Amino acid sequence: MAAWPDLGLRARLLFAFALLCVVTATAVAGGMYVQARNDILQRAQDAAVQAMRSRLEAVFPLRSAAPDAGELGEIAGAVANGENDTVAVYHETRSPAGPGRPCLPFGRPCRQGLDPGMIPQGLRREVADGNIAWQRVVWQDGPQLIIGAPLLIAERGQKTRGSGIEVYTVHSLAPEQRSIDRLAASAWLIGVAALAFAVVLASLATRGVLRPVRELGHAARLLGQGELRTRITVHGSDELAEVAHTFNNTAAELERHVKQLREMEADARRFVADVSHELRTPLAALTAVADILDEEAARLPEPAGRAARLVSQETLNLTALVNDLIEISRFDSGVAALALNEVDVTELVSATLRVRGWTEQVHTDLPPAVTTRLDPRRIDVILANLVGNALRHGQPPVTLHLTADPHWITFQVRDHGPGLDQAVLPHVFDRFYKASAARTRSEGSGLGLAIARENARLHQGDITVTNAPDGGALFTLRLPRRADAPDGGPE
């Protein structure tokens with residue numbers, strides 16, 4: 001039964017139909033066979049018993065109440081009538097064995113010489129009690145019916161008493177057995193024909209059942225792939241048609257909800273982009289004011305100086321957030337494009353660290369003369385995010401390792417801090433995700449790593465993160481040596 005769930009629906013339906021047919025045909029044919037067999041044997045048995053009774057009447061009156069072997073032979077011959085193997089027994093005396101075919105074990109002759117020793121003891125006891133009895137047995141030449149009967153003596157007053165003479169005759173059931181065998185063969189033939197018919201019927205039935213099921217599976221796959229306009233043609237009004245109606249209604253509702261969600265998402269992205277762009281002008285003015293406040297903060301009284309420095313810092317943070325939102329909105333709207341150039345990657349990494357003053361804080365392993373075709377501005381953003389994240393949240397030393405092969409270049413940035421909690425790893429690149437059990441809360445916008453991954457994917461590469469075996473977070477940036485501009489973007 002363990003393999004049953006592995007079978008397809010078609011195979012299971014065929015198996016169920018065939019099993020039902022076999023069980024039904026076996027029950028019907030078996031019942032008919034048993035009933036016909038019993039009827040055939042009963043009729044043969046009744047006819048043989050009635051014939052023996054009729055022949056027993058022919059031996060009256062008995063010439064002697066204590067017959068010898070010769071008289072017993074005459075009685076046996078009269079009862080046998082030249083057709084059956086018969087023996088007459090009186091106490092220890094029996095009718096003599098005559099010539100005949102060997103029908104008993106050990107080659108003993110049986111015509112008019114049936115060996116009483118071969119007669120079942122239960123049958124002999126029944127006859128000795130004064131009853132006509134019979135029993136079916138199987139000998140070497142097939143099934144036989146042994147019939148035993150006592151001979152009665154009529155006394156005065158029409159009373160009868162037992163004479164002590166027992167007559168046993170053997171009636172062959174071979175013709176009846178042949179009839180039964182033909183009946184069994186017919187039952188098997190009917191069963192095989194019924195099984196073949198059931199298989200054909202099951203094939204037709206499963207075809208009608210599985211066609212809509214296959215259509216439903218195909219439509220479900222299309223729906224899962226984003227083809228929300230997928231519908232199923234409804235045939236008839238049965239349960240499968242009801243399933244098709246339900247699927248179509250569900251698909252229609254899903255399409256409507258997805259359309260609403262997409263519209264809401266587009267509105268939200270457009271809102272973020274519009275707000276970000278609108279904030280750039282006032283932020284430019286605030287940045288200029290913040291620069292002045294920074295210059296004057298040292299000459300202001302302490303509360304005012306601290307407030308001036310705080311305003312300046314938050315203005316810078318707000319400017320960075322707006323710039324990140326604008327960058328994210330470009331990715332979401334699909335307008336982000338690569339400006340590809342042939343770049344010396346080693347020089348690009350060195351310039352990124354030098355501009356930000358990280359040259360002394362980061363240990364680098366950069367092979368010389370690694371050139372590739374990529375967008376240097378976006379790679380600078382990626383490396384700045386990865387290295388800055390390691391410097392802010394990890395522990396020294398921070399290392400940057402570059403490897404290259406004919407098809408790919410790989411950057412590995414790691415720190416030697418406590419690493420990232422396993423629950424945090426799947427969410428590191430989520431937007432606005434800043435909480436971490438292993439590190440302090442970030443002061444950034446929570447968009448830096450998300451933007452870094454988008455830039456990597458724009459190059460047909462990717463960024464992954466894991467914990468190094470000996471401690472610390474390990475970020476791996478993998479890029480193709482020859483990135484192509486997506487969607488026909490500018491190069």
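A residue is called buried when its relative accessible area is under 20%, exposed when that value is over 50%, and partly exposed in between (1.4 Å probe, protein chains only). The model is a predicted one, in which local features need pLDDT of at least 70 and side-chain atom pairs count only at pLDDT 80 or more, whereas totals for chains, interfaces and linings use all residues. Residues are numbered from 1 along each chain as its sequence is written, and side-chain values use heavy atoms, with hydrogens and water left out.

By this criterion Asn 248 is buried, because its relative accessible area is 13%. Asn 248 belongs to helix H5, which spans residues 239-297; helices (H or I, at least four residues) and strands (E, at least two) are DSSP runs, numbered from the N terminus. When residues up to four places away in sequence are not counted, Asn 248 touches Arg 231, Ile 232 and Val 234, contact being defined as heavy atoms within 4.5 Å. A polar atom of the Asn 248 side chain lies 2.8 Å from the backbone nitrogen of Ile 232.

An open sheet is formed by five strands in the order S7-S9-S10-S12-S11, with mixed pairing, where two strands pair if DSSP finds at least two bridges between them. Strands S7 (362-365) and S11 (462-467) stand at the edges, and since each has a single partner strand, one side of each is left without a neighbour in the sheet. The twist averages 15° from one strand to the next. S7 and strand S9 (residues 398-404) run parallel and are joined by four bridges, and Thr 364 has Leu 400 as its bridge partner in S9. Helix H8 (residues 376-393) lies across S7, S9, S10, S11 and S12, running at about 170° to S12; axes are lines fitted to C-alpha atoms, for helices over the stretch in contact, and angles run from 0 to 180 degrees between N-to-C directions.

The largest nonpolar core has 35 residues, and those with the most contacts inside it are Phe 411, Ile 463, Phe 475 and Leu 477; such a core is a set of buried Ala, Val, Leu, Ile, Met, Phe, Trp, Tyr and Cys residues joined through side-chain atoms within 4.5 Å. H8 supplies the largest share of this core, six residues. Leaving aside neighbours within four places in sequence, Phe 411 is in contact with residues including Val 345, Leu 383, Leu 400 and Phe 475.

Conventions
Polar contact = N/O pair within 3.5 Å; in protein donor to acceptor, adjacent residues only side chain to side chain.
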